[in-house]
Amino acid sequence: MAATTRRGLTPFYAVLGVIALAGVALLAYLAAGPGSAGGVPANVVVQPSDTAGFRGYVMGADTAPVEVVEYADYQCPACQGFATVQMPDIRRDLIATGRVRWRYRDFPLSQHRHARLAAHAAACADEQGKFWEMHDLIYAGQADWAFRGNAGGAFRDYARQLGLELGRYDGCMDSNRYAGRIQASFEEGQRIGVQSTPSFLIGGRIYAGALASDRVRQLVDSIASPGR
Amino acid sequence: MKYRMGVAVLSLLGILVSAYLYLYKIGAIGTLACGAGGCETVQSSPWSRFLGIEVALYGVVGYLGLLVVSLVGLQPRQEARRWPDDLVALMSGVGVGFSLYLTYLELFVIEAICRWCVVSAVLIGAIFVLALLARRHRHPGRVAREAVQEP
C-alpha cells in the first residue's frame, strides 16, 4: 500500500475547508436572523370577529364597583415588575375582595420582538382556561426568554407546566388566530391615549407607569367613595 | 485511507448539524428548518439536556473529537496504524448507542421526531460503519496476505 503524502491530501483538505466555511457561514447567517419575532404578525387587518365578544382578559367580580384596565406588554420590564411585585397584593386585597374588576389588554410594543408571541401564547392558554396562570409564568420567566432568539420553546414549557393539552396549544400557536385580536387591543390602547406600558385606565383616566399597589388602592378608594 | 477521509467529512457535517441544534437551544437561532415542528418539541423537552448539559453540545464535542482523530489518522506517519480506526469505532459506537437512546425517547416518550436529530443519528451510524470497514480492511490476516502478494 503506497503511503499518502501530505501533498496528496491537499485536495481533500480543500474540500473539507470549503464544507467547513460554507457551514459556518450558513450558521452565522441563521444566527444573525430575526429569530422567532415574526411568529405573530403585527400588520394584520383587524376583523370584526377579532373583537366580537372579547374585551380583554377579566379577573374579578362583575359586580365590583371599580374596573381597572391594564395595558401591558409581556416583554416590558416595568410590566414584569408590576405583575410580579404589585399584582399579588392587588389580587389579594382588591380583586379577591370584590372591590375591583381587573381587565388585562395587550399592548405589545414594536421594540419587544417576543411581546406578540407571548401575548399569543397567553391567548392560546386562555382557550384552555389558563390565561392568568400563563400570564404569571410568562412574566415570572421574562428574564429567561426575553433575550433568546426564540421564545416559543419557553412558552411551550410553560404550557406543559400548566398541564395544557399540548396538541391543542401547538395548533393554536401555529394558526396565529389571535394576531388580529392582539392588534385590535393595541389599536384600542392607542385610541384612548396609551403611549407606554404599563398604563392603567382607572375611572376614565390614563395612568402611565407601574403603579404601586398602595397607589392603586388609593385610586380605587377615591372612585368607589368619591366623598372621602 | 478513504474510510478515514469519509469519517472526517461525516464528522464535519455532524459538527455543523449539532452546532445548528445547539445554537437554536441557546437561543442564537430563531427557528429550526424542521417541517412539522418536531424539532422544537424535542429541543424544548426536558430530554434535550443530559446530565445538565445540552445534548446538542455532546454532539458538537463528540463529532469534533472524531474529526480530530480522523485527521490525525490521515497523516502519513499514522496511515498504517490501527489505533485511529479503533478509536473512531469506539467513539462512534458510544455515539450510536446514545443516538438509539435519544431516538427511543423521541418515538416513545416525547412522541415527536426531530429531523436534524435523525440526520445526526444517520451520520454517527455511517461513521461507525466506516470505522468497522476500516478495521476489517486492516485486519492483520488480510494485511499479511496483501504483504505476501506484493512483489
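The model is predicted: local features need pLDDT of at least 70, side-chain atom pairs count only at pLDDT 80 or more, and totals for chains, interfaces and linings use all residues. Residues are numbered from 1 along each chain as its sequence is written, and chains are lettered from A and ligands numbered from 1 in the order in which they are written.

Biologist: How many helices and strands does chain A have?

Modeller: Helices (H or I, at least four residues) and strands (E, at least two) are DSSP runs, numbered from the N terminus. Counted in this way, chain A has ten helices and five strands.

Biologist: What pattern does chain B follow along the sequence?

Modeller: Chain B holds six helices and two strands. Read along the sequence, they give α-α-β-β-α-α-α-α.

Biologist: What percentage of the residues of chain B count as buried?

Modeller: A residue is buried if 20 or more other C-beta atoms lie within 10 Å of its own, exposed if 12 or fewer, and partly exposed in between, with C-beta atoms placed from the backbone. For the 228 residues of chain A, the buried part is 37%. For the 151 residues of chain B, it is 46%.

Biologist: What is the order of the strands in the open sheet of chain A?

Modeller: Two strands pair if DSSP finds at least two bridges between them. The edge strands, which pair on one side only, are strand 1 (57-59) and strand 5 (205-208) of chain A. The open sheet has five strands with mixed pairing, and the order is 1-3-2-4-5.

Biologist: By what angle are neighbouring strands of this sheet turned against each other on average?

Modeller: Axes are lines fitted to C-alpha atoms, for helices over the stretch in contact, and angles run from 0 to 180 degrees between N-to-C directions. For this average over neighbouring strands, direction is ignored, and the value is 20°.

Biologist: Do strand 2 and strand 4 of chain A pair in the parallel or the antiparallel sense?

Modeller: Strand 2 (residues 66-72) of chain A has five of its seven residues buried. Seven bridges join strand 2 to strand 3 of chain A, and these two run parallel. With strand 4 (residues 199-202) of chain A, strand 2 forms four bridges, and the sense is antiparallel.

Biologist: Which residue of strand 4 of chain A is the bridge partner of Glu70(A)?

Modeller: In strand 3 of chain A, Glu70(A) stands opposite Tyr104(A). In strand 4 of chain A, the bridge partner of Glu70(A) is Phe200(A).

Biologist: Which residue in the turn between strand 4 and strand 5 of chain A has a positive phi?

Modeller: Strand 4 and strand 5 of chain A pair in the antiparallel sense over four bridges. One of the bridges joins Phe200(A) to Tyr207(A) in strand 5. The two strands form a hairpin with two residues between them, and the residue in the turn with a positive phi, about 60°, is Gly203(A).

Biologist: At what angle do helix 3 and helix 10 of chain A pack?

Modeller: Two packed helices are described by the angle between their axes and the distance between the axes. For helix 3 (residues 77-95) and helix 10 (residues 213-224) of chain A, the axes are 9 Å apart and the angle is about 35°.

Biologist: How many residues of this contact of helix 3 with helix 10 are charged?

Modeller: Two residues are in contact if their C-beta atoms, placed from the backbone, lie within 7 Å. Among the residues that meet are Asp93(A) in helix 3 and Arg217(A) in helix 10 of chain A. Ala, Val, Leu, Ile, Met, Phe, Trp, Tyr, Cys and Pro count as nonpolar, Asp, Glu, Lys and Arg as charged, and the others, Gly among them, as polar. The residues of the contact divide into four nonpolar, two polar and, as charged, three.

Biologist: Why does Arg217(A) count as partly exposed?

Modeller: Arg217(A) lies in helix 10 of chain A. Not counting residues up to four places away in sequence, Arg217(A) touches Asp93(A) and Leu94(A). Because Arg217(A) has 17 C-beta neighbours inside 10 Å, its class is partly exposed.

Biologist: Why does Gln111(A) count as exposed?

Modeller: Gln111(A) lies in the loop between strand 3 (100-106) and helix 4 (115-127) of chain A. Because Gln111(A) has 9 C-beta neighbours inside 10 Å, its class is exposed.
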